[in-house]
Amino acid sequence: MIVKACNFSRCLPVFIVILLLLTIFCGFRLFRAQEQAYRQMEIDQLTSIAELKASQIAAWRNERLADASVLMESNYCGRAAACVLGDQNEEFVRPLRDWLQSIKKHYSYADVLLVDVQGRNMLSPSEEIKLTGHCFDALNRALQSREVMLTDLHKSESGTGIHISIITPLFHPDKPDVMPIGAAILICDPETFLYSMIRSWPTPSKSAETLLVRREGDSVLFLNELRHQSGTAMNLRIPLSRADVPAVMAAKGLSGVFEGLDYRGAKVISCVLPVPDSPWFIIAKQDNDEVFSLWRSQARLLLALIATVVMVLMAAGAATKQSYQKRMYQALYQSETKLREVMEQHSVILNSIGDAVIATDTKCLVRLMNPTAETLTGWTDAEACGKPLCEVFRIIGEDSRETVDNPVAKVLRDGLVVGLANHTVLIGKNGFERSIADSAAPIHDDQGHVSGVVIVFRDVTEEYRRLKLLRENDENQSILLDNIQIQVWYLTDDHTYGAVNKAHAAFIGMSRDELSSNDMRRIFRKELADAFEQGNRDVFDTGKSLMTEKWIPDAGGGLRLLSIQKTPKVNSEGSVEYVVCTAEDITDRKQAELENEKLQSQLYQSQKMESVGRLAGGVAHDFNNMLGVILGHLELAMNQLEQNHPLYSDLKDAHAAAQRSADLTRQLLAFARKQTVSPRVLDMTETVAGMLRMLKRIIGENIDLAWLPGTGPSTVMIDPSQIDQILANLCVNARDAIADSGRITIETSSVFFDEAYCIDHPGFIAGDFVLLAVSDTGCGMDQELLRHMFEPFFTTKESGKGTGLGLSTVYGMVKQNNGFINVYSEPGHGSTFKIFLPMQEKEKDISAPSSVPRQEMTGHANILLVEDEPMIMNLAVRILKGNGYTVQPAATPVEAIDIAVKFSGAFDLLITDVVMPEMNGREMAKKLLALHPGLKILFMSGYTPNVVAHHGVLDKGVNFIQKPFAARDFLIKIREVLDQKVVEKV
């Protein structure tokens, strides 16, 4: 009986709660149903009003169009209009005006106009009416289409009213197929019908109104006067960005019922519909507060009724609970008595087991503890009995140090065994902490109901300490492997991954979980996987480490060179368990080594070229001396013969060949980059023409060299040797770009760029320029090559066939001379290099031998000549004496100084070679200036100018002549030096 009473007492509150919830649910459903029905009624009313207004507006528009169609089809109107528009015949003017007045009066039009095809008002009842821009546009469309046109609502010309006009084209009744003769314009005042119809509302309402709107650009325009705001017709606009306004929704093409904010910012419910055959939208709206005001009063009554029912049910439940409470207490007492008996029966067993045991009742109060539990908790059974479990059995998380949820509550709720969380710490009564493990289980009575909970736990402190040490060792090893750049992974005997570090997983492009236990042959392509597999077999079979280098694809799809070491992991039995693989990415290091080898090769090539240059400079001295002797003797022989002498022509050819040899020496030295830059004004076209023969030898016989000289001025300021070097480099590159046969074209011209052209063409400079262009029919270059072609040491040629300095040298020379260079090239279409150098004014040539009179090359002066080459010495003495000069020759600087000391007179001029034994010419000149302060000096040398510059001779104001030289040039230079008024420093 007690058990049944307890069961009934427990079921009764549940029944009452269910009944309350059911009542609340039914009341809520009724409330929502009533609300939806009321809302739908209001929506149907708004929809009906909006549809009615839209159909009325559409009918009004159709009536106006019908009126216009009647006018257009009327023969009387057409014939009368033809007479009025043609000659203003008074016979038709008055009747037609009366007829128009009748139409205006009976059809409620603001005015009726008769206009010609230009839109001029020819006849109307009211003369003050003027056409607006809307009417003019509609008139033109109506005349072109020969159809009636209805304008949109628009303001009048004076801005005082709003009109809508119907344009009716009029035709001559006898000529209906020709263009209209004019038009009748019916002007409507929307206030007479349209606006009043829109303002009307079928039921009394404080907030309801109808709006007529249309879209204009990025806003919506209100076409009628509003109920809650004046002066809005054709004036009020709302931007389309306000998406919550029903008028904006209409302008965006939406239709239906919406809730939003109106032009006042008030919450409204509205129905939006388009007006048929027009750009207008009709909006019927009403404020939410007014729509639901009646519903709110009804809802309050309904809620009060539901609340009354709920309170009655709650009172009944409370009374029922009180009546059965006594029986419930009795049932609980009996349950506790049985539980106590069961615990006494099992106390002996609990005291004899090794694990700690704590038993509780259903209220989580401690009922008993065995001796092991007393030892671990620090509480005696007598002290703990009756106390809350959380006070005796205090457990926290080892890592978080926060209190752990008591497992008893979960056991009582679910009736299942609950295990304690890992790393749970028990805090004893004395504060001592122990790590514990195990579980809590329910205690069932005879009826199968849970009457308490038993907690069984043990001390696992030492076990956790050992596990923690092992885990820390594993973590330290994992951290070490994950933070090194070297890739590490294990492979088993079936070639599957055991474990990998982050570096290897990132390189492969897969996660470590994806790689673990994955077959290596599924990751790498077959050839690479076979090579790996063979290496693994060798390590498993031999038990020895293996080193190898392989190109492996990385996560990005590129190939990287890895240095891989495979080391066997041998167990205690001596067999290989798995292979430990480590890999280091050595791609960058290998590339750096290759780049160093390339740079070293380029350095050797540069040093070789430097040695060749030094050799060329040394050879030039002796070669130029010999050429000077040949040229001098040839000129002396030619001077002694008449031009019609049989030998004169042969001597002239020999002289030209020797002079050509001197020019070739200069060009070869320029190509070896041994010339010091000495810019001067020269003619680009003439300079290039002088190089054509040598350039043909460079490019070979299979390539045609085309020369297109310009006709305009082409004077520039540049060192001639730089022109030689620029053309040589460009022609050599063009030759290498042509596979078999082709053409190289060299051309010159004068160009001018203005500021506007330079703005549209970045890189160009305004001004007058001389163009030197070199084009070829070779393989061409793509955009990638064009971006790098001027970089030093960048070359596409094979190793040993180019230094990568040719184009960078050309670029540097052009920039050094204030010019710029443009390159035009496409693969398969050849290349064109265009060099632009600033144009210079042409200087008058005062050095031409043919323009110098004979008497200006002779003179009377004491000359000290110092030359260590006997043939040059003899030739120079012969030339000087033959032209009236007194000469004292000396083979060495010491001999020259000795002659100067013993000479009784004064020397006017010192002519000396620069590079000589014992001392150079500059040092000797300084000593002679001390003996003869007024001495003038002329230096000469067969070395290249950079060697001469090294000895300080080419300083500004110092006189110098390059060997070999012609006798005429030699005599002119001497005359020039002797005529100087100021002695320059040396």
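Lys429 lies over the face of Trp379, 4.7 Å from the ring centre. A charge sits over a ring if NZ of Lys or CZ of Arg is within 6 Å of the ring centre and within 35 degrees of the ring normal. The model is predicted: local features need pLDDT of at least 70, side-chain atom pairs count only at pLDDT 80 or more, and totals for chains, interfaces and linings use all residues. Residues are numbered from 1 along each chain as its sequence is written, and side-chain values use heavy atoms, with hydrogens and water left out.

**Charge over a ring**

- Arg61 also has its charged end over a ring, that of Trp280, at 4.8 Å from the centre.

**Aromatic pairs**

- A pair of aromatic rings is described by the distance of the centres and the angle of the planes.
- Rings of Phe, Tyr and Trp (its six-membered ring) pair if their centres lie within 6.5 Å; planes under 30 degrees apart count as stacked, over 60 as edge-to-face and the rest as tilted.
- The structure holds 11 aromatic pairs.
- One of them joins Phe393 and Phe457, and this pair is tilted, at 5.0 Å centre to centre with 50 degrees between the planes.
- Phe393 is in the loop between α11 (389-392) and β15 (394-397), while Phe457 is in strand β19 (residues 450-459), 64 residues apart.
- Helices (H or I, at least four residues) and strands (E, at least two) are DSSP runs, numbered from the N terminus.
- Both Phe393 and Phe457 are buried. Buried means under 20% relative accessible area, exposed over 50%, and partly exposed in between (1.4 Å probe, protein chains only).
- Phe753 and Phe836 have ring centres 5.4 Å apart and planes at 70 degrees, so this pair is edge-to-face.
- Phe753 is in strand β28 (residues 742-753) and Phe836 in strand β31 (residues 831-838), so the pair ties together parts 83 residues apart in sequence.
- Phe753 counts as buried at 8% relative accessibility, and Phe836 at 4%.
- Phe753 and Phe836 belong to one aromatic cluster with Phe769 and Phe820.

**The largest cavity**

- A cavity is a set of points, on a 1 Å grid over the protein atoms alone, where a 1.4 Å probe fits but cannot get out; lining residues have an atom within 4 Å of a point.
- Grid points are joined across faces, edges and corners, and a volume is the space filled by probe spheres set on the points.
- Searching the whole structure gives seven cavities of 30 Å³ or more.
- The largest has a volume of about 120 Å³.
- Its lining has 14 residues, with Gly628, Val629, Ile872, Leu875 and Phe965 nearest the centre.
- The largest share, five residues, comes from α17.

**Helix α25**

- The 13 residues of α25 should span 18 Å at 1.5 Å a residue, and the end C-alpha atoms are 18 Å apart, which agrees. The expected span is 1.5 Å times one less than the number of residues.
- Buried residues of α25 include Ile872, Leu875, Ala876 and Ile879.

- Arg146 is not a glycine, yet has a positive phi of about 65 degrees. Arg146 lies in the loop between α4 (133-145) and β3 (149-150) and is partly exposed, at 30% relative accessible area.
- Asn818 is not a glycine either, and its positive phi is about 60 degrees. Asn818 is in the loop between α24 (806-816) and β30 (820-825) and counts as exposed, at 59% relative accessibility.

Definitions and conventions:
On a 1 Å grid over the protein atoms alone, a cavity is a set of points where a 1.4 Å probe fits but cannot get out, and a pocket is an open set with protein on both sides within 12 Å along at least five of seven lines; lining residues have an atom within 4 Å of a point.
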